[in-house]
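Welcome! Please take a look at the sequence and the 3D structure, and then try the exercises.

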2 protein chains.
Amino acid sequence: MNESFSQWVKGRQDRVEKAAETLLPSVQIEPKILHEAMRYSVIGGGKRVRPLIVYAVSELLDADIKNVDRVALAIECIHSYSLIHDDMPCMDNDRLRHGKLTTHAKFGEAMAMLAGDALQPEAFSYISETTLNPHQKLVLISLLAEASSSRGMCGGQAIDLCMVGKKMTLSELVHMHSLKTGMLLHSSVMAGLWCGKKESVNEDLTDALSEYGHSIGLLFQIIDDILDVTSDAKTLGKTAGKDALEDKPTYVSILGLEKSRELAREQYDKALGALEKAEAIVGENKTQRLREIADFIFSRDH
Amino acid sequence: MNESFSQWVKGRQDRVEKAAETLLPSVQIEPKILHEAMRYSVIGGGKRVRPLIVYAVSELLDADIKNVDRVALAIECIHSYSLIHDDMPCMDNDRLRHGKLTTHAKFGEAMAMLAGDALQPEAFSYISETTLNPHQKLVLISLLAEASSSRGMCGGQAIDLCMVGKKMTLSELVHMHSLKTGMLLHSSVMAGLWCGKKESVNEDLTDALSEYGHSIGLLFQIIDDILDVTSDAKTLGKTAGKDALEDKPTYVSILGLEKSRELAREQYDKALGALEKAEAIVGENKTQRLREIADFIFSRDH
């Protein structure tokens with residue numbers, strides 16, 4: 001690995017960007033405004049954490065990177081649709097995301113809802129259009145369907161919705177976030193695995209990476225909550241301090257800032273521990289990118 | 001076929017109802033309110049036209065009915081989610097559907113949006129959980145993804161949205177409806193085919209049934225537009241006369257009532273013509289149910 005982490009990240013971000021530009025329906029095709037809204041929501045935004053995870057894991061297993069592009073984009077489409085709907089007036093009512101207007105602020109509520117709706121089947125199409133074998137495709141489709149279901153992402157959002165202004169215990173909060181953001185992050189790890197050559201995947205590796213996936217999922221949300229308190233809108237690219245303003249339970253509101261930082265550290269250590277187990281199988285230093293991703297999530301400021 | 005059409009319909013409606021009750025996430029599972037909203041939207045509503053089509057086609061091909069239950073329900077989940085979102089204030093703003101409160105009127109906008117969102121992955125899961133072979137599953141998943149995409153249902157809704165208050169030509173209207181409602185009806189025909197034993201499907205049969213699917217798709221919408229003018233809310237189970245009130249282009253507004261009825265008759269005849277071609281392959285009287293479904297769509301009063 002001669003590339004620095006930031007070079008590697010840039011390379012993978014460019015790939016997923018290119019895939020989005022190529023695979024998302026063109027604005028030349030009717031209905032143009034819908035396709036414009038879909039592209040606006042996916043292209044040019046965000047850190048692409050989920051795709052980066054898919055790439056990093058798949059690279060452990062010699063996957064065909066063209067297939068990985070599609071799978072990474074599929075997950076990013078699910079993530080993007082959830083942000084579009086989450087930002088809408090009936091949900092979080094946010095007008096700023098990744099430093100630009102949210103989709104409904106730019107295209108109107110109805111078109112934003114449709115853009116989100118249309119990104120879901122797009123994701124499943126991208127997976128079925130890979131050259132992976134039918135079994136791999138079906139596992140990936142099930143993974144993604146489950147992660148975005150009412151037992152996953154949508155379920156977490158529903159709990160979130162019901163909990164505004166209510167007291168939540170730490171374990172309830174962990175559960176909510178494990179659904180709302182954790183499952184899609186965890187699925188990104190598993191999806192990377194399934195993009196790889198199946199014959200080389202053993203159960204211990206799957207378990208180790210699954211543990212890594214759970215830890216970074218949790219870590220991601222704790223850091224998000226900390227940043228909502230400690231960062232400003234300009235750095236964050238979205239409205240800061242909203243959680244407290246809306247009386248939403250967060251790690252910081254339940255544990256305080258210091259204990260939240262401790263919990264984050266704990267999850268970070270757990271993630272690295274899981275990677276050590278993985279390295280015992282795939283070889284020393286092979287999980288460097290995954291370690292760097294954990295570092296990045298742990299130390300990000302936006 | 002000793003069963004009358006209405007007995008057959010009742011039997012199949014009961015099956016899809018039972019499948020929905022069994023397969024949709026239980027209200028005992030958290031988040032209960034989301035699962036309640038999902039079940040409210042799918043269970044106990046509608047004529048189940050799409051599932052009926054899936055069953056009728058699959059019966060031509062000796063499909064395993066337990067697989068057909070899942071595929072039929074999958075398509076009904078996509079249809080139901082589209083109704084939930086379509087009824088929302090930012091879209092059609094309807095409070096009445098199938099004679100009961102729309103999902104957002106009962107559960108609030110945010111929960112309704114999530115219920116719709118969560119029904120999409122549910123559909124893809126049901127297909128992947130059948131015992132069909134991997135190739136059949138993947139074809140069905142692609143069919144459904146394409147039909148509900150921005151080149152299908154969502155695309156039709158986007159065009160609809162942009163056309164309120166604007167003049168539309170007949171061919172533009174046909175194109176809009178072929179996306180908005182036609183593709184999912186057509187997919188129901190194709191899905192029924194793919195549920196069957198693949199080795200017995202020949203190309204001519206596929207073509208004939210595809211033609212049938214296109215015709216009943218068009219027929220369905222023309223009748224819908226006619227009913228909006230000629231029926232009352234009580235019979236219709238939803239707000240009547242809304243299209244004209246909202247200045248939406250319809251077959252009736254473009255062609256007038258008489259010419260719309262003629263066009264409907266034309267599509268009905270086309271559908272029956274396609275079934276004649278199909279019978280030349282599968283045998284005389286084998287497509288009776290499909291003919292009865294065309295009759296039903298043609299002559300329905302709600």
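Predicted model: local features only at pLDDT ≥ 70, side-chain atom pairs only at ≥ 80, totals over all residues.

Residues are numbered from 1 along each chain as its sequence is written, with chains lettered from A and ligands numbered from 1 in the order in which they are written.

**Exercise 1.** Find out whether the span of helix α4 (residues 65-87) of chain A agrees with its 23 residues.

*Solution.* Helices are DSSP runs (H or I, at least four residues), numbered from the N terminus. The expected span is 1.5 Å times one less than the number of residues, so α4 of chain A should span 33 Å. Its end C-alpha atoms are 32 Å apart, which agrees.

**Exercise 2.** Describe how helix α2 (residues 32-42) and helix α6 (residues 109-128) of chain A cross.

*Solution.* Start with the axes, which are lines fitted to C-alpha atoms over the stretch in contact, with angles from 0 to 180 degrees between N-to-C directions. The two axes come within 9 Å and cross at roughly 70 degrees. Angles of 65 to 115 degrees count as roughly perpendicular, and α2(A) and α6(A) are therefore roughly perpendicular to each other.

**Exercise 3.** Work out how chain B relates to chain A.

*Solution.* Superpose the copies by least squares on the C-alpha atoms of residues with pLDDT of at least 70 in both. A rotation of 180 degrees with 0.0 Å of shift along its axis places chain B on chain A, with RMSD 0.0 Å. The two copies are thus related as by a two-fold rotation axis. In chain B, the C-alpha of B:P134 is nearest the axis, 3.0 Å from it.

Note on methods. Helix = DSSP H or I, 4+ residues; strand = E, 2+ residues; numbered from the N terminus. Parallel < 35°, antiparallel > 145°, perpendicular 65-115°, else oblique.
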